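Student: I have a structure to look at and would like to go through it step by step. Can we begin with the ligand and its surroundings?

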Amino acid sequence: MSVFKDFVLPRSVDEARAALKQLGAEGMPVAGGTALSFLRHKEPKVAVDLSRAGLSGIAAENGGFEIGAMTSITALREFAAPGWVLDRVAHRFVTQQIRNQSTLGGNITRVFAWCDFPVALLALDASITIASDTPRAVDADEFFAGQPVRLLKAGELVRSIHVPAVRAGEGFGYRKHTRVEADFSQATAAARVKVEKGVITGARVALGASIPMPVRLPAVEQALVGRKGAIHVVNEAVALIGTRTWRSVAGFSQDYIRHLASVAVADAITDAWKAAVEGRA
Amino acid sequence: MNAKTIQLTINGEARSVDVGAGESLLHLLRRIGFTGVKNGCDEGACGACTVILNGRTVNACLTFAFQAAGGRVETIEFLGNFENPHPLQKALADEGAVQCGYCIPGMILSAKALLDRKAAPTDEEWSLHLDGNLCRCTGYEKIQSALRKLVAAQGGDQ
Ligand SMILES: Cc1cc2nc3c(=O)[nH]c(=O)nc-3n(C[C@H](O)[C@H](O)[C@H](O)COP(=O)(O)OP(=O)(O)OC[C@H]3O[C@@H](n4cnc5c(N)ncnc54)[C@H](O)[C@@H]3O)c2cc1C
Ligand code: FES
Ligand code: FES
């Protein structure tokens with residue numbers, strides 16, 4: 001475990017923010033705490049535990065869902081509502097214990113290559129609200145354009161995540177490849193596709209885990225839009241993933257990682273397109 | 001170690017304990033005598049360290065002790081012992097579902113956390129809720145059949 005030299009247990013967002021502001025570079029928010037063993041610090045930090053800050057819960061709002069940053073992955077899996085699809089991402093997330101401990105905020109604020117939710121949030125066009133003296137919302141494209149913690153000044157926190165509901169005529173597809181069920185992801189792909197009269201009129205496609213940071217695939221998206229949904233259309237689009245810096249994972253050749261990525265993307269798009277056509281979300 | 005005192009409930013008993021800022025819940029529990037909590041991998045991969053925190057299973061190795069402040073922790077010691085086993089402990093023993101036993105405290109706590117929420121889980125629910133508990137010995141079949149038999153004996157209907 002990374003070493004903390006002290007901890008504070010604030011009772012509200014304001015208290016947490018005040019503590020972090022005062023601590024500056026010494027302070028570190030702790031959500032589920034599961035990623036701390038992946039992080040190395042030169043100097044021990046002061047943990048600011050967010051679990052009492054009242055940041056967990058899911059509310060249907062503005063044509064979508066407002067999810068508190070401290071909402072656990074288990075809560076995402078157990079939630080159900082029309083247009084809600086994050087339960088599918090949560091279902092394939094590591095193990096029951098880690099689903100109970102990990103939070104959505106923790107999964108997306110410090111992104112590791114294998115993190116699944118950034119990929120889903122990119123495809124779903126989510127926006128992220130930051131608690132600050134000047135509160136602001138950042139869309140997923142900007143949030144994940146680099147390591148998200150870069151956007152947070154001392155005393156700022158991720159407060160909530162807004163995910164638009166998947167509407168009639170739209171579908172969501174999600175695929176994840178791991179060596180064994182609970183392993184770190186080797187390829188994660190998500191797609192949100194809109195279909196009108198058999199023609200794809202909108203597509204957001206994202207890939208992660210097989211590359212160092214999750215990205216959208218604009219060339220793939222463009223190749224889908226305006227075409228009638230069909231397997232060969234999906235395959236032509238997926239060919240445009242192109243050459244990437246594939247992540248090296250022990251036991252996997254780079255060529256195999258590339259293959260897994262293209263299979264995951266093709267399957268996610270196909271699932272999304274079929275769901276849209278069949279009216280399943 | 002910079003120790004600080006926290007209050008928490010362990011196995012129904014209110015406790016006040018000194019914890020190090022970087023100390024894991026696994027380390028704390030074993031240090032104060034709850035050695036039924038096992039250290040398998042110390043990195044979230046095996047589930048041997050599973051405990052129930054506020055009604056949900058967690059890997060104690062990935063939990064900082066301070067995260068349990070004000071919380072309720074249940075370990076295997078809460079459930080039963082050799083003379084007085086909990087129905088889950090008895091079911092696994094009767095079925096021959098225990099070999100070296102290292103995974104069993106965590107396995108039983110994961111099963112209990114599910115049974116506390118749902119009297120008669122489906123096979124799919126068992127798999128999902130036990131997916132973080134590795135067993136190197138049994139091959140899982142006997143564990144699954146022990147759990148199914150227990151639910152059936154308690155009148156649960158899948
Ligand atoms: C064995 C193992 C395998 C895993 N495999 C996968 C996988 O395949 N896919 C996957 O998606 N995940 C996987 N994970 C989980 C992932 O790596 C992270 O551990 C987890 O998502 C972090 O969530 P947390 O709530 O525990 O965050 P924490 O560990 O508490 O925090 C993570 C970081 O985010 C910061 N932070 C957290 N919340 C906020 C906030 N609200 N505002 C500002 N900053 C914040 C913290 O300061 C810290 O830097 C795995 C974890 C383990 C242990
Ligand atoms: S010791 Fe905690 S998961 Fe293995
Ligand atoms: S009985 Fe030996 S690890 Fe499960």
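Student: How do the residues of the shell around ligand 1 divide into nonpolar, polar and charged?

Tutor: This is a predicted model. Gly counts among the polar residues here. The shell around ligand 1 then holds four charged residues, ten polar ones and 20 nonpolar ones.

Student: Between which chains does ligand 1 lie?

Tutor: The residues that come nearest to ligand 1 are Pro29(A), Gly33(A), Thr34(A), Thr103(A) and Asp116(A). The ligand itself lies between chains A and B.

Student: How far is a backbone N or O atom of Ala35(A) from an oxygen atom of ligand 1?

Tutor: A polar contact needs a pair of N or O atoms within 3.5 Å. An oxygen atom of ligand 1 is 2.7 Å from a polar backbone atom of Gly33(A), and an oxygen atom of the ligand is also 2.7 Å from a side-chain N or O atom of Thr34(A). For the backbone atom of Ala35(A), the distance is 2.8 Å.

Student: How much of the accessible area of ligand 1 does the protein cover?

Tutor: On its own, ligand 1 has 980 Å² of accessible area. Of this, the protein covers 97%.

Student: Which element gives the most to the shell around ligand 1?

Tutor: In chain A, β2 (27-30), α5 (104-109) and β8 (157-164) each give two or more residues to the shell. With four residues, the one that gives the most is α5(A).

Student: Which residue in β3(A) is the bridge partner of Val30(A)?

Tutor: β2(A) pairs with β3 (residues 45-49) of chain A in the parallel sense, over four bridges. In β3(A), the partner of Val30(A) is Asp49(A).

How values were computed
Residues are numbered from 1 along each chain as its sequence is written. Chains are lettered from A and ligands numbered from 1 in the order in which they are written. This is a predicted model: local features need pLDDT of at least 70, side-chain atom pairs count only at pLDDT 80 or more; totals for chains, interfaces and linings use all residues. Side-chain values use heavy atoms; hydrogens and water are left out. A residue is near a molecule or strand if one of its heavy atoms lies within 4 Å of it. A polar contact is a pair of N or O atoms within 3.5 Å; within protein, one must be able to donate a hydrogen and the other to accept it, and residues adjacent in sequence count only if both atoms are side-chain atoms. Accessible areas come from the Shrake-Rupley method with a 1.4 Å probe; for residues, only the protein chains shown count as cover. Two strands pair if DSSP finds at least two bridges between them.
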